[in-house]
Structure formats: structure tokens, C-alpha cells
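Ask away, and each answer will set a value beside its definition.

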Amino acid sequence: MSDPAVPASEPAPETQPAPETRPIPDVRPTPGVQPVAKAQSTSGRKAAQPVRPGVKAVRKSFSSPLASVFVVAVTVLWTLPTFGLLATSLRPKEAVSSSGWWEVFVHPDLILSNYHTVLFEGGFGVSGGMMPYLVNSLAISVPATVFPLVLSAMAAYALAWVRFKGSDAVFFVIFALQVVPLQMALIPLLQLFSGGAHLGSVTILPALDMGGTYVPVWLAHTMFALPLATFLLHNFISQLPRDLMEAAVVDGASHFKIFKSIVLPLCTPALASFAIFEFLWVWNDLLVALTFAGGTPEAAPMTVRLAQLSGSFGGRWELLTAGAFLSLMVPLVVFFSLQRYFVRGLLAGSVKG
Amino acid sequence: MRAALLADSAWTDVTVKLGNSIGAIAAFLGVLLAIFFAAGRATGRLGRPLAVLVFLGPAVILLIVGLVAPLVRTIYLSFRNDDSARFVGGRNYGWALTTDSIHQVLLNTALWLVIAPLAATALGLVLALLIERMKRQAVYKSLIFMPMAVSLVGAGIIWKFVYEARDPSQPQIGLLSQLAISLGWSHPPNWILSHPLNNFLLMAVMVWVQTGFAMVVLSAAIKAIPDEVTEAARLDGARGLQLFWFVTVPMIRTTVVVVLTTVMITTLKAFDIIRTMTGGNFGTQVLANEMYSQSFEQYNLGRGSTLAVVLFLAVLPLVAYNIVQLRKERETR
């Protein structure tokens with residue numbers, strides 16, 4: 001496991017000489033998280049960095065066995081509920097309803113059949129399992145990550161390198177749109193998707209029959225992701241070396257060629273961070289899915305189904321926990337395998353929504 | 001036999017859905033490449049405007065349709081009645097300010113807004129300071145940060161199970177009830193149903209999720225304090241808690257405030273926890289969930305829009321503050 005927070009003891013990039021060899025700047029996240037991103041953007045971090053005396057002094061004053069006990073207690077408290085969920089999902093129905101999950105330490109009698117039941121058979125008094133919803137989650141999340149990623153990279157490139165009159169103003173407006181909460185857009189957007197747009201008696205946009213498909217969810221997620229994505233990618237793309245861009249223009253490359261063969265490959269770290277953040281954001285989202293996908297197995301993702309079941313069938317804990325753990329598995333795998341990218345992306349995007 | 005058939009149709013469903021999804025991506029990229037190819041042939045004076053149009057056009061159109069126009073329309077709808085047919089002036093706002101049930105909602109929201117961010121930030125700060133000197137700190141940090149990865153719906157279910165209560169004569173399956181009983185509380189309440197306690201139990205879920213975020217950000221800020229500053233303070237005789245209060249805290253004050261406002265923004269907009277755990281019942285309703293209920297369950301678009309505007313106005317100063325901080329920080333670098 002790698003450390004989410006990397007010591008920021010490297011000198012600031014500004015003080016480093018030799019701009020030609022300077023590593024490509026990373027995604028610039030929200031103000032408070034600058035140090036993390038800065039530290040993580042510098043490659044080749046060492047596992048054991050020397051502790052500086054100043055930090056040591058503050059640390060020392062907090063050093064006592066009591067402090068360690070406190071940290072361990074918090075860690076246990078923070079982990080135990082999730083562990084309880086996993087343990088319950090692996091216990092037989094009778095055991096779950098007759099004793100607490102902590103009994104697994106005494107009677108480790110674990111099964112996988114809850115997962116089969118919840119995926120394929122239902123068993124909540126409703127027909128059908130969670131499999132369609134799990135598939136929906138995936139089918140919603142992947143395009144809803146790709147679309148805003150590509151569109152915002154394009155917009156960011158235009159704003160940074162194809163400068164035109166008013167490009168700063170456009171950038172600022174897109175940046176400022178981050179203040180608009182999702183809730184402000186839900187009703188009008190739903191009306192637009194189901195009824196089209198009309199000005200007086202003139203139909204600007206006809207009603208689109210998209211009920212039961214992923215299209216409204218994809219569109220909504222793409223729209224809502226654009227301000228943050230454009231802002232983050234602009235920070236990155238605008239700091240690509242000017243010489244490189246000018247050389248490409250001198251060689252006669254069109255903007256499209258530059259974008260495809262220079263900008264996108266050089267941006268991979270920023271794109272990866274944002275992609276991971278956005279994928280998990282969409283995977284974990286409830287509000288957009290509930291509003292635009294409805295609650296049917298045709299289009300609704302896991303989160304919507306789990307919220308429904310949690311409200312109505314709380315009694316079948318062995319199934320609810322199995323379903324919940326299925327939906328948690330993807331974020332947890334991403335978290336523990338791509339922790340560095342994940343933390344960077346997540347910190348950068350923590351104000352989104 | 002029947003199970004096999006079921007599985008077959010399930011797999012067909014999987015193939016069709018994922019096929020649609022991959023097809024949509026392929027079509028999207030295909031269209032883009034075709035446009036790139038066509039527009040890339042344009043040369044001379046047309047080249048630049050065309051590039052701007054192709055690169056910026058889709059994002060701008062989507063933003064206007066998806067955010068700018070809805071923003072204006074939601075404000076407009078908030079001055080109209082439930083089915084938007086009549087102009088009602090400020091009646092919806094009057095309703096939001098004078099109705100008892102909405103008072104409860106606003107009070108709960110205010111409590112959430114103050115308590116959850118303060119608790120998460122304070123705990124995050126303490127952990128950031130304490131964890132640094134421990135062995136295997138990466139493990140502790142990862143485990144405390146982990147709740148940030150899971151959905152708020154998942155977090156809601158995890159904690160609903162912790163708060164599950166049964167009659168004391170039966171074996172308990174919820175951790176909190178069991179803990180209360182083993183500590184000698186013979187009749188612990190049904191946690192989720194006990195107002196006003198349930199509000200704080202739900203806030204605990206948000207604190208559980210956000211503490212890791214606060215810890216990681218503050219830990220990085222503490223490490224970024226220049227050595228000279230702490231050294232100088234030490235030479236001047238500052239020790240222990242003094243060093244913490246008069247050197248560390250002032251040096252990371254901006255970061256603390258940004259963490260606080262960021263968690264506040266998340267808290268204001270989050271409705272998933274409430275929806276999953278209580279559905280807004282038992283006196284736990286908050287603004288974001290009430291907005292959803294009014295709009296899409298009561299179908300009162302006027303009231304729903306009004307609550308959205310109230311939420312927007314509450315979030316606005318917080319986000320504006322974060323944006324200003326960001327610009328400042330970029331200028332000084």
C-alpha cells in the first residue's frame with residue numbers, strides 16, 4: 001500500500017533550474033490540496049525520506065503511547081463497519097438473523113451463496129436479481145467518463161493554445177460554473193429530456209424518447225463534469241512547453257494533429273487522474289441516476305437499487321450487505337490498486353457536484 | 001433447467017447493455033475523428049476559427065444546455081406555482097421560511113453544516129498530527145481514507161447495519177446496540193428512530209467519510225511548513241502544544257478553512273445518506289433531500305425549484321471563497 005499523502009519536502013518547482021528538463025506539471029487541484037499534488041507529481045519519491053527537525057519537534061510534542069492508542073482506535077473504528085458488512089454478506093441467512101456478525105471470529109462458517117442469490121435470484125420479494133443493475137452501473141460509468149474527458153480536453157486545448165478574443169472570458173465562465181450545484185439543473189434538464197424545448201409555440205428541440213435508456217444519464221453526467229474537467233485539464237495543458245507547440249506549428253501540423261499526437265499523449269497522467277475520479281464519481285452517484293435513469297432494471301445503476309432496497313427490505317441483511325458489498329468492490333479495488341492516482345484525482349475533484 | 005434459462009437471458013441482457021455502451025463510445029470517438037479529419041484539411045484563414053468551433057463548440061453547447069439555461073430556468077420556476085402555470089411572486093419563498101416542517105429541515109441542515117465539517121476537520125487535524133510519528137502510517141492513512149472511496153449509499157447501508165436495533169430480549173445484530181448492552185445499558189433505544197439523536201448518528205456517517213480527506217490534505221500542509229519557521233519558534237522556547245497552537249495552526253490556517261468549506265459544500269449537497277438511512281423520516285430531513293422530494297415525489301416544481309435556489313445561495317459563498325483562495329494561491333506562486 002502506498003502512502004496517500006506524500007511528504008512535500010522537495011523544493012518548489014519554481015526554484016528548480018533547467019526548465020527544459022522540468023517534469024510536466026501535474027493537475028492543479030483545489031487550493032488546499034496543492035502540496036499533495038505537487039509532491040506527488042515529482043517522480044521518484046523515496047519510501048523513507050529524512051524527517052526534518054521542525055516537523056520532528058511538533059511530532060515529538062504529540063508523541064505518547066496514548067496518541068498511538070488513539071490512532072489505532074480510530075483506524076479500527078473506521079474499518080470495522082465495512083468489515084461487518086463483508087462478514088455479514090458471507091454468513092448464512094439463519095446465522096445473520098440469530099447472531100451478530102462478530103460471531104464469525106468464534107464460528108467462521110462462511111458461504112458465497114448470498115452473492116449468487118442477490119445477483120441472479122432477487123429474494124427481496126421482487127423478481128430478478130441485481131445483475132442488471134450491476135451491468136447498468138458499468139454501462140453508465142464508462143461512457144460517462146470518456147465523454148466529458150475527451151470533450152473537456154478539447155475545450156481546454158482550445159482555451160490554452162488556440163487563443164482567440166475572449167478566450168480568457170470563456171475560460172473564466174466555465175471555471176465559475178463550478179458553483180452551480182447539481183440540484184439547480186435537475187428539474188429543467190429533466191423537462192428538456194422528456195418534453196423538448198419550446199419558445200412560445202416554436203419548438204427549438206423536439207421531445208426525445210430516451211426513457212429507459214442510458215442516454216439522459218450519460219448526457220447529464222457529461223454536462224455536470226465539464227466545468228471541473230475543463231478547469232483541471234486546462235491547468236495541465238496550458239503548461240505544456242511552448243517550444244514544443246511552436247515547433248509543431250512550424251512543421252505545419254494542424255491543431256487537430258497537435259491535439260491528437262502531442263497534447264493527448266503528454267496529458268496521460270492528468271487524464272488518468274481525472275478519469276479515475278470521474279468513473280468513481282459516476283459509479284457512486286445516486287442523485288443523477290435517480291433523476292435521469294428512473295428505478296427500473298433497464299437503466300438504473302446499483303446505487304439506485306440499493307437505496308430502494310435499504311428503504312423497503314431492511315430485514316434481509318445477508319442479501320442487502322451482499323448487494324452493497326458488490327457495489328463497494330469496484331471503488332475499493334480501484335482505491336487499493338491505484339491509490340496514488342486515486343487520491344490525487346479525488347482531492348482535485350472534491351468540490352465537484 | 002429454469003435457472004439455466006434465466007442465466008441465459010441474463011447474459012443476453014449483459015451483452016446488449018455493454019454492447020450499447022461500447023457502441024456509444026465508438027460512435028462518439030468515430031464522429032470526432034471524422035470531424036477532426038475533415039476540419040484538419042481546412043487551411044488558411046478558416047483554420048483557426050474552425051479549430052475553435054470544433055474544439056470548444058461541444059463543451060460550450062453542453063454547458064449552456066446543461067447548466068446555464070437550467071440555472072436561469074430554475075430561478076424562473078421558483079416564482080411559479082406547483083405546475084409552473086401561474087406566477088406566484090415570492091409565495092414559494094414565503095412557504096420555505098414560514099412552514100414548520102421546513103423549519104425542521106432548515107434547522108437540521110444548519111446542524112449538519114456546522115457539526116459534520118467541524119468534527120471531520122478537527123479529527124482529521126488531530127490524526128494528521130498523531131499519525132506522522134507512527135510506524136506503518138501508510139496503512140493507517142489508507143484505512144482511514146478508505147470510506148472516501150465508497151458511495152454515500154454504501155456508507156449509509158454500512159452504518160444502517162451498525163445502528164440496527166432489536167428488542168433487548170433477542171440477540172443483537174447491530175454493533176452499536178451490542179456495544180451499548182455490553183457496556184451495561186440494558187434497554188438501548190432504536191437509534192434511527194430516536195429524534196434528535198438520529199440526526200447526529202447520520203452526521204457521524206458523513207464524518208466517517210470525510211475525516212480521511214481532511215487528514216490527508218492537512219497532513220500535506222503540515223509537512224509543507226518551512227523548517228525555519230518551526231526551528232525559530234523552538235529557539236524562542238516554544239514547546240509542545242504551544243508550538244502547535246502558535247506555529248502549526250496559523251501556518252496551515254488557510255488549508256484548514258479550505259478543508260472546512262470543502263466538507264461543508266459536500267455536506268450541503270449530499271442527500272444520499274439521508275435517503276438511504278431514513279428517507280427523510282423521523283425528523284432527519286435535510287434541504288437536499290427535501291428538494292428532491294418536493295420536485296420528484298410531490299411534483300411541486302415551484303417549491304422544489306425554490307429549495308434548489310436556497311441550496312445554491314447557501315453553497316455560493318463557500319465555493320466563491322474556495323475559488324478566490326485558489327486564484328490567490330496561483331498568483332503567489
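Q: What makes domain 1 and domain 2 of chain A separate units, and how far apart do their centres lie?
A: The C-alpha centres of domain 1 and domain 2 of chain A lie 34 Å apart. Their bounds come from an automatic or database domain assignment, which divides chain A into domain 1 (59-111) and domain 2 (115-347). This is a predicted model, in which local features need pLDDT of at least 70 and side-chain atom pairs count only at pLDDT 80 or more, while totals for chains, interfaces and linings use all residues. Residues are numbered from 1 along each chain as its sequence is written, with chains lettered from A and ligands numbered from 1 in the order in which they are written.

Q: How do you know which residues of the two domains touch, and how many are there on each side?
A: Two residues are in contact if their C-beta atoms, placed from the backbone, lie within 7 Å. The contact takes seven residues from domain 1 of chain A and six from domain 2 of chain A. On the domain 1 side, α3 (65-89) and α4 (93-98) of chain A each give two or more residues, and α3(A) gives the most, with four.

Q: Which residues does A:M154 contact beyond its neighbours within four places in sequence?
A: A:M154 is in contact with A:F259, B:F55 and B:A59.

Q: What makes residues 305-324 of chain B a helical span?
A: Helices are DSSP runs of H or I with at least four residues, strands are runs of E with at least two, and both are numbered from the N terminus. Residues 305-324 of chain B are 100% helix and 0% strand, with end C-alpha atoms 28 Å apart.
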